[in-house]
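Open the model in a viewer and keep the selection panel at hand. The stops below go from one selection to the next.

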Amino acid sequence: MRRLTALKAALAVGLLGLTSAAWAQDPVKIGLILPMTGQQASTGKQIKAGVDLYIKEHGDTVAGRKIEVILKDDAAVPDNTKRLAQELIVNDKVSVIAGFGVTPAALAAAPLATEGKVIELVMAAGTSIITERSPYIARTSFTLAQSSVPLADWAAKNGIKKVVTMVSDYAPGHDAEKSFSDRFKEAGGEVIEAIRFPLANPDFAPFLQRAADAKPDAIMVFVPSGQGGTFMKQFTERGLDKAGIKVIGPGDVTDDDLLPAMGDAVLGAVTAHFYSADHPSAKNQAYVEAFKKANNFRPNFMSVGGYDGMHLIYEALKKTGGKADGDTLIAAMKGMSWESPRGPISIDPETRDIIQNVYMRKVEKKAGELYNVEFATFEGIKDPVKAAKK
Ligand code: PHB
């Protein structure tokens with residue numbers, strides 16, 4: 001009897017050994033949750049293209065483990081995000097859930113990342129609080145405050161005195177509105193009206209009329225990536241350009257995905273942002289060229305969030321020797337720094353949020369095409385909202 005138990009124990013140990021050896025060669029699965037359909041589909045398309053390009057350039061094996069990306073479409077509906085994240089964690093046993101085209105989607109997944117101890121890698125959404133919702137969240141996109149604060153400084157120093165803010169009525173819009181307005185007022189500027197419009201299918205025309213009636217020097221606008229084209233079209237139709245009202249904002253409104261088709265009314269719009277397809281570095285020129293070769297469109301800032309997100313996963317796995325449990329992987333991600341197509345970036349070891357340059361840009365025509373042309377740099381910007389809490 002005793003011998004039998006010993007045998008069983010030996011067998012069990014052997015089996016365990018086998019299982020862990022097999023595990024080491026298992027693929028590292030990444031659940032990529034993106035809006036591939038619906039209003040935010042341009043974000044899904046861009047991030048997917050950035051992720052694919054990274055894998056094409058760097059191979060699909062890291063530290064002896066194969067990388068397997070499982071793509072799911074949440075159409076930017078947070079209930080879908082939650083269900084898909086749950087399935088990916090429980091059934092597919094992913095090590096990372098990544099993507100998240102909008103803030104509500106990123107927030108919906110956060111408790112599941114905590115419970116499952118898996119990394120939630122935010123490649124798009126930009127509200128400051130997101131990274132505080134789970135110790136397993138890291139971000140390779142941006143925060144709205146990161147660009148809105150430098151924008152306010154620039155506006156106050158460049159003859160803009162009266163501003164109407166116009167933002168989508170949800171968390172990132174509120175962040176953009178508050179961080180811009182607080183700083184602009186501190187610098188002596190005046191916010192004469194604060195307008196919010198719905199996120200879903202907005203008709204900007206009546207809001208633009210209200211803004212025009214207030215006679216500001218500039219409109220500070222935040223719309224999520226994908227809506228800038230409609231905003232600029234209605235801005236022009238209402239004749240705000242002819243009335244001499246400037247467009248300024250975080251760079252989402254002059255998103256490189258839609259910019260080429262926006263028309264000349266957008267010329268001269270000044271925005272603050274972390275990425276322009278026109279960023280004049282060798283790394284970015286190579287990125288844009290390879291991206292355009294693989295796709296029939298220009299990369300925008302969302303694509304870079306996806307590309308850099310994959311870099312963060314690959315480099316963290318190299319550091320851990322292929323160990324992909326949440327605690328080991330997030331520790332490896334903290335403090336990592338590298339050169340992105342957008343310029344130098346790092347992951348803040350304290351907040352797991354991104355630290356990056358913010359560039360001032362003006363829409364200009366280059367060889368007949370519209371681009372955000374950078375003319376000034378604010379270096380190494382941490383999320384100002386979190387910095388202010390300290
Ligand atoms: C967000 O929902 O956090 C979001 C989406 C698109 C943007 C910026 C922020 O361009």
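**Stop 1: the ligand and its polar contacts**

Select Y170: an N or O atom in its side chain is 2.7 Å from an oxygen atom of the ligand, which falls under the term polar contact (here a pair of N or O atoms within 3.5 Å). The model is a predicted one, in which local features need pLDDT of at least 70, side-chain atom pairs count only at pLDDT 80 or more, and totals for chains, interfaces and linings use all residues. Numbering starts from 1 along each chain as its sequence is written, and side-chain values use heavy atoms, with hydrogens and water left out.

Next select T103, where a polar side-chain atom lies 2.5 Å from an oxygen atom of the ligand. Then go to S225, which places a backbone N or O atom 2.8 Å from an oxygen atom of the ligand. The protein buries 100% of the 280 Å² that the ligand exposes when taken alone (accessible areas by the Shrake-Rupley method with a 1.4 Å probe).

**Stop 2: the shell**

Select the 14 residues around the ligand; T103, G126, Y170, S225 and D252 come nearest (a residue is near if one of its heavy atoms lies within 4 Å). Colour the shell by class: nine residues are nonpolar, four polar and one charged (Tyr, Cys and Pro count among the nonpolar, Gly among the polar, and Asp, Glu, Lys and Arg as charged). Colouring by domain shows at least three shell residues from each of domain 1 (8–142 + 281–352) and domain 2 (145–273 + 358–389), with bounds from an automatic or database assignment.

**Stop 3: the largest cavity**

How many cavities of 30 Å³ or more does the structure hold? There are two. A cavity is a set of points, on a 1 Å grid over the protein atoms alone, where a 1.4 Å probe fits but cannot get out; lining residues have an atom within 4 Å of a point. Volumes are the space filled by probe spheres set on the points.

The largest cavity holds about 100 Å³ of space. It has 17 lining residues, of which G101, Y170, F222, P224 and M302 are the closest to its centre. The space taken by the ligand is this largest cavity (more than half of the ligand atoms lie within 2 Å of its grid points). Domain 1 and domain 2 both give residues to the lining, so the largest cavity lies between them.

**Stop 4: the second largest cavity**

Finally, select G251, T254, D255, D256, H273, Y275, F301, R361 and N372, which line the second largest cavity. Its volume is about 30 Å³. Its lining has two nonpolar, four polar and three charged residues.

How values were computed:
A polar contact is a pair of N or O atoms within 3.5 Å; within protein, one must be able to donate a hydrogen and the other to accept it, and residues adjacent in sequence count only if both atoms are side-chain atoms. On a 1 Å grid over the protein atoms alone, a cavity is a set of points where a 1.4 Å probe fits but cannot get out, and a pocket is an open set with protein on both sides within 12 Å along at least five of seven lines; lining residues have an atom within 4 Å of a point.
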